[in-house]
Amino acid sequence: MFIERGKGPYLYDADGRRYIDYVCSWGPLILGHAHPRVVRALRRALLRGTTFGAATARETEMARRITEAFPSVELVRLVNSGTEATMSAVRVARAYTGRVKIVKFTGCYHGHADPFLVQAGSGPATLGLPDSPGVPPESTAATLTCPYNDVPALRSLFEAEGPSIAAVIVEPVAGNMGVVPPAPGFLESILSLCREAGALAVFDEVITGFRLAYGGAQTLYGLRPDLTCLGKIIGGGLPVGAYGGRREIMEMVSPLGPVYQAGTLSGNPLAVTAGLATLESLAEPGVYETLEAKGRTLESGLLERARTHGVALTVNRAGSLLTPFFTPGPVSDYEGARTSDREAYRVFFRAMLERGIYLPPSPFEAMFVSLAHGPAELEETLEAADRALAAVAAARVPAGAGRREVDP
Ligand SMILES: *Cc1c(COP(=O)(O)O)cnc(C)c1O
């Protein structure tokens with residue numbers, strides 16, 4: 001698809017077709033496309049110049065808003081993408097601990113920096129790539145992996161490697177193998193194992209920050225990681241990222257400390273303007289209850305219709321993030337996500353697209369619901385899903401037969 005424009009919950013492609021959009025640029029557009037508040041603020045900002053290579057009051061305001069929303073973040077640095085945020089957070093964690101090994105969970109995605117392209121979710125999971133050509137083995141030699149939600153496996157890893165682990169990085173609610181919420185106690189165990197071993201816990205809240213709650217997943221679960229990565233929503237649809245955490249750790253970043261990190265466009269005035277306008281809307285009362293209700297409507301509607309058509313469906317959901325897995329489930333890790341019937345998802349995706357509903361073109365991505373998705377759009381989506389699930393039932397093949405890679 002080539003996109004011509006977006007407005008509210010809708011995308012319009014180059015052939016003039018309209019779609020209800022559940023990708024929302026993979027997360028940033030929690031207010032929908034071209035939200036009037038964001039557009040107005042950007043128009044004003046644009047006339048004042050696009051980048052200065054020096055500090056602005058607006059980026060300080062963004063930093064203040066982030067530190068207020070995330071109590072674990074005392075000091076924050078703005079960058080240009082989620083990739084830069086995770087890459088830089090790991091660098092500072094390694095410097096702070098004087099160790100090199102990092103632990104990531106299979107199926108989690110932390111951007112495309114070399115050390116994270118091991119058993120990564122999102123694109124690599126969709127394409128079935130365990131890792132990427134072009135990444136030297138030395139770059140991933142210090143990356144240890146562990147299944148998501150597997151506390152015993154993580155404990156064993158710490159028993160074997162604890163003194164050399166610099167950091168554990170985790171999506172506190174996984175969104176890049178499809179949505180997989182943390183099992184009770186999983187995140188708490190990460191924090192306590194890290195504390196015991198002198199490693200740092202890094203929450204990658206690039207999707208979940210300002211999405212699940214204003215203060216992200218850590219506020220929802222009442223946890224304080226050492227470092228936090230943000231992106232997506234805080235740029236309001238423009239390129240941005242941020243990493244921050246405990247003051248004594250972040251004070252190691254240049255120019256206060258010796259850990260080098262910089263960026264020509266970091267804290268870009270347009271990006272922080274779009275981000276601030278978005279955060280202002282999200283600070284209004286009732287926003288997260290509304291998002292939760294929209295997510296719940298889709299979840300229960302999909303499950304009900306799947307039952308009607310005799311299609312085995314598991315819907316994983318956290319607030320306005322959800323993934324329909326074509327499997328009896330439950331799905332609690334990457335192994336489980338991969339039991340989702342790809343052929344069924346392909347049929348479902350196609351049938352939805354034909355009816356003007358744009359879903360993620362992969363069974364291993366989250367659907368993103370925005371505040372712009374109103375009751376009429378949700379209703380239209382579920383009506384389309386009814387027909388699409390009927391198509392899945394009609395196309396059903398014996399288990400194991402006819403499986404194909406998703407070809408959106
Ligand atoms: C999208 C994403 C990233 C990477 O952000 P980019 O801005 O695409 O570089 C990192 N971590 C998570 C959890 C993400 O979803």
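Helices here are DSSP runs of H or I with at least four residues, strands are E runs of at least two, and both are numbered from the N terminus. With that settled, Pro255 falls in the loop between α9 (247–250) and α10 (269–282).

Some ground rules before going on. This is a predicted model, so local features need pLDDT of at least 70 and side-chain atom pairs count only at pLDDT 80 or more, while totals for chains, interfaces and linings use all residues. Residues are numbered from 1 along each chain as its sequence is written, and side-chain values use heavy atoms, with hydrogens and water left out.

Most residues other than glycine have a negative phi, and most peptide bonds are trans. Gln119 belongs to the loop between β5 (101–105) and α4 (123–126).

**Around the ligand**

The shell (residues with a heavy atom within 4 Å of the molecule) includes Ser81, Tyr109, Glu171, Val206 and Lys232.

| Residue | Ligand atom | Distance |
|---|---|---|
| Thr83 | oxygen | 2.6 Å |
| Asn176 | oxygen | 3.1 Å |
| Asp204 | nitrogen | 2.6 Å |

Taken alone, the ligand exposes 380 Å², and the protein buries 84% of that (Shrake-Rupley areas, 1.4 Å probe).

**Aromatic pairs**

Rings of Phe, Tyr and Trp (its six-membered ring) pair up if their centres lie within 6.5 Å; planes under 30 degrees apart are stacked, over 60 edge-to-face, and the rest tilted. That rule gives 10 aromatic pairs. One of them, Tyr334 with Phe364, is edge-to-face at 6.4 Å centre to centre and 70° between the planes. Tyr334 sits in helix α12 (residues 334–337) and Phe364 in the loop between β13 (357–358) and β14 (367–368), so this pair ties together parts 30 residues apart in sequence.

Note on methods. Polar contact = N/O pair within 3.5 Å; in protein donor to acceptor, adjacent residues only side chain to side chain.
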